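Below is a short briefing on one protein chain, arranged by topic. The sequence and the structure come before the notes.

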Amino acid sequence: MAGSNDIGLAAFPLTAADLWRELEIRASIIPTGCTNLNELLEGGMYSGEVTEVCGAPGAGKTQFCYSVTMGTSKLPSNTVAYISTDCSFNASRLLYMLDHSDDVHHQCSDEILERVHCYAVSDVFEVLQVLSDIQHKMAAQVTIVMI
């Protein structure tokens, strides 16, 4: 029988590196590409969370998502999961934005675009399946930012 002073061992011990990676994932702030929105959101969107973007037609939802995708995918350590419920993802449009960005000159736009993975979903069950797939990839220590 274990005494009150015994030190228990965790079933799945974590190293300091594991804890640091977990902190980085949960504490990272993803800039939106819009200074005023970043200020409103206290720096941007938080990683490790799902952010749903909604609004009226023509309100700029897709452009906002492209801006966040472009800004996030510029970091070589990031992979972006773009989940589209209306099949509106247009790689040519994102490539155009990357080619005309002032701060992408040191990287090839095609290399950045390779880090963007688009998932077209049509119902909540497909969304849940994609999120589950992404969760498994994250468990394999692949850095993914979901847009």
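In this predicted model, Asn-90 caps the N-terminal end of helix 4.

**Helix 4**

- The buried residues of helix 4 include Leu-94, Met-97 and Leu-98.
- Seen down the helix axis, the buried residues of helix 4 fall within an arc of 100 degrees, so they line one face of the helix.
- Ser-92 and Tyr-96, on the other side of helix 4, are exposed.
- Helix 3, helix 5 and strand 4 (116-120) are among the elements that cover the buried residues of helix 4.

**Nonpolar cores**

- The largest nonpolar core is made up of 15 residues.
- Within this core, the residues with the most contacts are Met-45, Phe-64, Tyr-66, Val-68, Met-70, Leu-94 and Leu-98.
- Two or more residues of this core come from each of helix 3 (61-73), strand 3 (79-84), helix 4 (91-99) and helix 5 (109-114).
- Helix 3 gives the largest share, five residues.
- Leaving aside residues up to four places away in sequence, Leu-94 touches Tyr-66, Thr-69, Met-70, Phe-89, Leu-113 and Val-116.

**Helix 6**

- Helix 6 covers residues 124-139, which is 16 residues.
- From its first C-alpha to its last, helix 6 reaches 22 Å, close to the 22 Å expected at 1.5 Å a residue.
- At the start of helix 6, a side-chain oxygen of Asp-123 comes to within 3.0 Å of the backbone nitrogen of Phe-125.

**Cysteines**

- A search of the whole structure finds zero disulfides.
- Cys-118 is in no disulfide: the nearest cysteine sulfur belongs to Cys-87 and is 7.8 Å away, whereas a disulfide is counted only for sulfur atoms within 2.5 Å.
- Cys-118 has a relative accessible area of 35% and is therefore partly exposed.
- Cys-54 is exposed, and its relative accessible area is 63%.

Note on methods. Residues numbered from 1 in each chain as written. Predicted model: local features only at pLDDT ≥ 70, side-chain atom pairs only at ≥ 80, totals over all residues. Heavy atoms only, no water. Helix = DSSP H or I, 4+ residues; strand = E, 2+ residues; numbered from the N terminus. Expected span 1.5 Å × (residues − 1). Polar contact = N/O pair within 3.5 Å; in protein donor to acceptor, adjacent residues only side chain to side chain. Core = buried A, V, L, I, M, F, W, Y, C linked by side-chain atoms within 4.5 Å. Buried < 20%, exposed > 50% of the residue type's maximum accessible area, 1.4 Å probe, protein only. Contact = heavy atoms within 4.5 Å. Arc of directions from axis to C-beta.
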